[in-house]
Each structure stands twice: as structure tokens, then as C-alpha cells.
Amino acid sequence: MRYSAWSLLRGAMSGHRHWVPAWADATRRSNYDVIIVGGGGHGLAAAYYLAKNHGVTNVAVLERGWIGGGNTGRNTTIVRSNYLFPESARLYDFSLKLYESLSQDLNFNIMLSQRALVMLAHSRHDLDSMSRWANAMRMNGIVAELVTAAEVGAMAPALDLSSNARLPVLGGFVQRRAGTARHDAVAWGYARAASALGVHIIQNCEVRGFVLESGKVAGVDTSQGVIRAGRVGIAAAGHSSVLAKLAGFRLPVTSYALQAMVSEPIKPILDTVVLSPGTGAYVSQSDKGEIVMGAMLDLFPSYAQRGSFAVKQAIIAAVLALFPSFSRLQLLRQWAGIVDVVHDSSPIIGPTPVPGLYINCGWGTGGFKAIPVGGWTLAHVLATGKSHALAEPFQLQRFIDGRLIDEAAASGIAH
Amino acid sequence: MMRIPCICCGPRDENEFVCGGTSHIERPALEAGDETWGGYLFFRDNPKGVHLERWRHVQGCGRWFNLVRNTVTHEVLSVYAMTEAPPRERSASMPEPPP
């Protein structure tokens, strides 16, 4: 059924009994054309685009927990495309463009709010590097505007704009098309649209091994038994190395906890997204009124999804240096994801050493904004056997050839 | 907050330390091919569970040491010196705190 104002009205007249589950609770088959391991945003998007773009509908998404329960449900909901290199610019802006029409494409309100992203400069050095960064974006055809301290102040008056601020605001740059989207809705929207096209979404199904025949992938061994498929795509973020080990290869991935937290809900005080590269902190206000905060990794390998108080303190210290009035707020909830960090903070999308097995990983702390393009390009390689043009620079092989796309160093984004 | 058993100073809060990643990665010979060199630089086991890793007590004695630590529970199972081989027994064997 289509969601619309009319279906709401019809429901209002009939006691809202006409609603159907958003996606089918499919009965698992013993074989499919394609299996996707990982029911987060990237996996669900890949399943949707396999069906939508390539007509491949005999697909199962296997999720060991509940869909969107991993990093997709744990991020700070920021979408943006302010990267440095041309390869990255193409990749992330393609994703942002897909986000811009996603609610219509999926017939599901993902609550995209293009409220802009303001990057803060706290020193002359910051101002210089922001100029370089904004100009690189413009040379790649993405609009970015350098702004003065006064203009930043007008966009986010709750910032400490005084001359003796701990983190003086000297200016910055803005990507106006950037903003936030409701993370759960992205997972549910893709799940519903994929399910409507015939994709099976199977939860509580953990992959415990890969079935290999003559060295090629022939299926997966799961907590619900063996499921066969000639093509398998892994989209499991922080658990990528675990799955790679089951298939007999390694990845250049280390898994870390990335924390996020929200304050109690308050009246509107911040209607844009603020990011301070100098501290690594990023802040926005949700539609419920919570101040949503995140910053640096807990810098030791972890699959714990909870992070330490030492880093919480560092995140909050950074946020309060930017927004002193927030010191009066109570912290409501905190959590962490498991992020798959690679050395150049750029993704890996393509074949693995096992024929028929493909992977989409390495997004680190920046996977949410890339759900549409990650799904699009994983679907492409699963359907055609060839990398999409956008994904060509982002192959596993680059770690052997040395051709890294070094966004970590280049744009100062802590991935 | 993890308590890291510094091999010199005894248990201290985790934020006195820096984690130096996986232990026992050996640099290949300079004549090694791209595959080996790339493997050495970038590819990791990244285990979900018991991990052998290097830590440095930067806000203390400055010493490097090895830990056997669980990446899921964060439990520290063992500590051993930088030049020691990893312990066969992965049981809790914390050093005595200094007198």
C-alpha cells in the first residue's frame, strides 16, 4: 500500500485498521540468487537497488539481530558530502542527491532536513585549511561557502562567540545541502520498498560460515541453517573482519567504538549542524528537541558498543566549550556503534578474494550519509560482476597498490 | 573506564594510556613483494574476542607493554613485556601493585 494523505484520511474514517506491516515477515527459502549479509542501511539499500535497478528480486537480506540495530540505529544522523578528493566528492554527493529524493522514491518519510552543516575555524590555521577544503569542493562541483564569524553567529547564536572563548569562532564554511535524516526511517524505508519488490528480509539469522564449492561461494551457514546462493554481499560494518575470517581472508579494518549521546529534549535552540574539526565534535538538535552529540573514537579495538567515560567526558567537554549554555542540560542517553575504520578513511566496495563474495565496508565513522551510494554500488557489482564507476577507486586492491584515497589526512575528518 | 595494569606502575585508568594496536606484527624483508608489504602495513585480524595488543603508559612511566585483552568485554586477561612471547595461558594474571 502507498502511504499518502489519502491513506491517512481513509484510516481516520475507519479506525486505522487498514494498515499492513511495513515489510513482510518472509518465510526463509533454502536458496536465493543473491544473499546480503547485514540488515543495516547499506545491506537493505543494496537489496532494494538490486530489485529496482537490476530486476534481481530473488534476494535475501540476513540480519543477525533486528534490522537497523547496528550502526544505522546508532549514528548522529548527519548527511553531507564535504570531502576533499574528486573520487570522494563524486561518491558522497551521489549519495546526498539520492537522499534528496529518497522519501519520494521509497514512499516513506525519511525526514530529510537540509538544515546546512557549518564547519568551524578556531584558528588562522583552521581558516586556511577551510579555504582549501571549500575550494576543493567547489572544484569538484559541490557548493561550499566560506563564512565569517558573524555569519556563523547568525546561523548558530548559541555558540560561544565571545573574544575570549575557549574555542574562538573565527569563521568557517557551510554546505547548505547538508543536514540530517531520521536514521531508523532510512532502514525501514529501504526495508519496506525492498520487501514490496519481493526481497526477503530475515531477522534473527546470524551467518556463522560460508559454503564454498571449488573455492567459489555457494551459500552461507546460518543460525537458521544453510541457505544457498551463488552471489553473496557482505554489508556488516564493524563485523566485517569477523565475516572475512569465516571466508578465509583479512581486511585492512580495525573495529572501534564510536560513541553518541543525546540530552534531555529542550525547545529549539540549534537549527543547523555544527562541526568543529579542531575538537572533532559535531552537534545538532533533533526534532524531539534533544541535543545530539558525537566526536572522537574510543581509540582501542572494541566490539562492545559502549565506549568509556573518559571519552564521554572529552566529547561533552568539547560540546560545552562550543555551547556553554548546554552545561545545564541533563544527559538522557548514550550508546556506541562498532565502526570499521581503515587507514585512509575511505570505503571498500567490490570483490573479495573469494569468487562470488563481495563486500561493502570500511566506511568507519561516515557510513550513514553513504547508505544510498553504498547500496547502489554494492547492488551494481552483485548484479553485473563489474564495479560501478563510482566504486572503482575504492577497491581492496588499493591497499596492495598503495593508491589510497586519503580522506583521513586530507579533509581532517576523524573517521 | 578500563583499568590497565601497567607492567611498571600497576593498575591505572585507561586514559593514562595510548593503545598501539596489534602486537607481534613483524616487518617483512625489504625485498618482499607488494602483497606482503601491503599485508604488513594494512591488513589485520581485528578479532572479536581475545586480542594481543600494545599499550603505552604515556601519562606515567612511558613504558610500552603487551596486553591480552578481550575486545568484547574489555577484560584484561594478562600483561607481558614487549620482548616476551605471548603467554600460553590466557588467564587473569595481573602484576602485583608497587609497594
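Visitor: Which residue stands opposite A:Ile36 in E2(A)?
Guide: That is A:Val61. Keep in mind that this is a predicted model.

Visitor: How many bridges join E1 to E2 in chain A, and do they run parallel or antiparallel?
Guide: Four bridges, and the strands run parallel. E1(A) covers residues 34-37, and E2(A) covers residues 59-62.

Visitor: What does the chain pass through to get from E1(A) to E2(A)?
Guide: Helix H2 of chain A, residues 41-54. The β-α-β crossover there is right-handed.

Visitor: Back to E2(A). Are its residues buried or exposed?
Guide: Buried, on both faces. A:Val59 and A:Val61 sit on one side, A:Ala60 and A:Leu62 on the other.

Visitor: And which residue in E8(A) is the bridge partner of A:Ala60?
Guide: A:His200. E8(A) spans residues 200-202 and pairs with E2(A) over three bridges, in the parallel sense.

Visitor: Zooming out. How many helices and strands does chain A have?
Guide: It has 12 helices and 19 strands.

Visitor: Why call chain A as compact as a globular protein of that length?
Guide: Because its radius of gyration is 21 Å, close to the 22 Å that the globule rule gives for 415 residues. The C-alpha atoms fill a box of roughly 65 × 65 × 40 Å along the principal axes.

Visitor: What percentage of chain A is buried?
Guide: Buried residues make up 53% of the 415.

Visitor: And what share of contacts comes from residues 24 or more positions apart?
Guide: In chain A, 74% of the contacts with a separation of 6 or more.

Conventions. Residues numbered from 1 in each chain as written. Chains lettered and ligands numbered in written order. Predicted model: local features only at pLDDT ≥ 70, side-chain atom pairs only at ≥ 80, totals over all residues. Helix = DSSP H or I, 4+ residues; strand = E, 2+ residues; numbered from the N terminus. Rg over C-alpha atoms; globule rule 2.2 N^0.38 Å. Buried ≥ 20, exposed ≤ 12 C-beta atoms within 10 Å, placed from the backbone. Contact = placed C-beta atoms within 7 Å. Pairing = 2+ DSSP bridges. Right-handed = clockwise from strand over helix to strand, strands pointing away.
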